[in-house]
Amino acid sequence: MSSAYQSCGGDLIISLIAAVGKSYQLGGENQMLWHIPEDFKLFKSRTMSHHMIMGRKTFESIGRPLPGRTSIILSRDPSFKAQGVFIFDDLQVAIDYAKERGETELFIIGGAQIYSQALPLADKIYLSRVDYDGKADAYFPEINNNEWSEVEEAKYEATEKSPAWTLSLLSRRK
Ligand SMILES: NC(=O)c1ccc[n+]([C@@H]2O[C@H](COP(=O)([O-])OP(=O)(O)OC[C@H]3O[C@@H](n4cnc5c(N)ncnc54)[C@H](OP(=O)(O)O)[C@@H]3O)[C@@H](O)[C@H]2O)c1
């Protein structure tokens, strides 16, 4: 790994952005486990005009490139093709690509495989903690509290359609 991309070392901020259940659940059967429109809005405003890196499964779950942002998809399958996105078979090469294009804050948007590979490189984690205790088959990697400090930014009550959730920002301890 190039030292230029070690956490907090360069001028590119690498941010993970995720919503997790009480046991760090991320998804099930390649779908999200809840529907929280307010969280989607925040995701949209944070990521707008930035580069985003995601795994091939997350891209297929979303089903299309998200407008106004540059989508970079990771896949090791040379036959994988999709319109309107950039495809790479290596995380570091994908990060380098975003940096070469002048990105200042790169968003890693999942899923489980990509979060776990990118966590050691990350400077920030935008984490939505959802009051969900159900099943999942994809989980966020373990966050070591010695390495991260967490600030709770907002609390949201449950609605008829959405569980309660808390918006947190985690920063890598210096
Ligand atoms: N709650 C949230 O915030 C959130 C956010 C995103 C996703 N999700 C959920 O997460 C789940 C998907 O996560 P997942 O772990 O199954 O899949 P994923 O991380 O989205 O994608 C995995 C795929 O990425 C490719 N890949 C992984 N590492 C790679 C590398 N180093 N180089 C090149 N390609 C690489 C491989 O694609 P190939 O097989 O094509 O080689 C692999 O199968 C879904 O349930 C989704 O809904 C939740």
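I began with the exposure terms: a residue is buried under 20% relative accessible area, exposed over 50%, and partly exposed in between, with a 1.4 Å probe and protein chains only. By this rule E147 is partly exposed, with a relative accessible area of 36%.

I noted that this is a predicted model, where local features need pLDDT of at least 70, side-chain atom pairs count only at pLDDT 80 or more, and totals for chains, interfaces and linings use all residues. Residues are numbered from 1 along each chain as its sequence is written, and side-chain values use heavy atoms, with hydrogens and water left out.

Next I looked up salt bridges, each being a side-chain nitrogen of Lys or Arg within 4 Å of a carboxyl oxygen of Asp or Glu. The search of the whole structure finds nine of them.

For helices (H or I, at least four residues) and strands (E, at least two), I used DSSP runs numbered from the N terminus.

I found E147 in a salt bridge with R172, at 3.6 Å from N to O. E147 lies in the loop between β8 and β9, and R172 in strand β10 (residues 165-172), so the pair ties together parts 25 residues apart in sequence. R172 is buried, at 14%.

I then turned to R46 and E153, whose closest N and O atoms are 3.6 Å apart in a salt bridge. Because R46 belongs to helix α1 (residues 37-47) and E153 to strand β9 (residues 148-156), this pair ties together parts 107 residues apart in sequence. R46 is partly exposed at 23%, and E153 is partly exposed at 43%.
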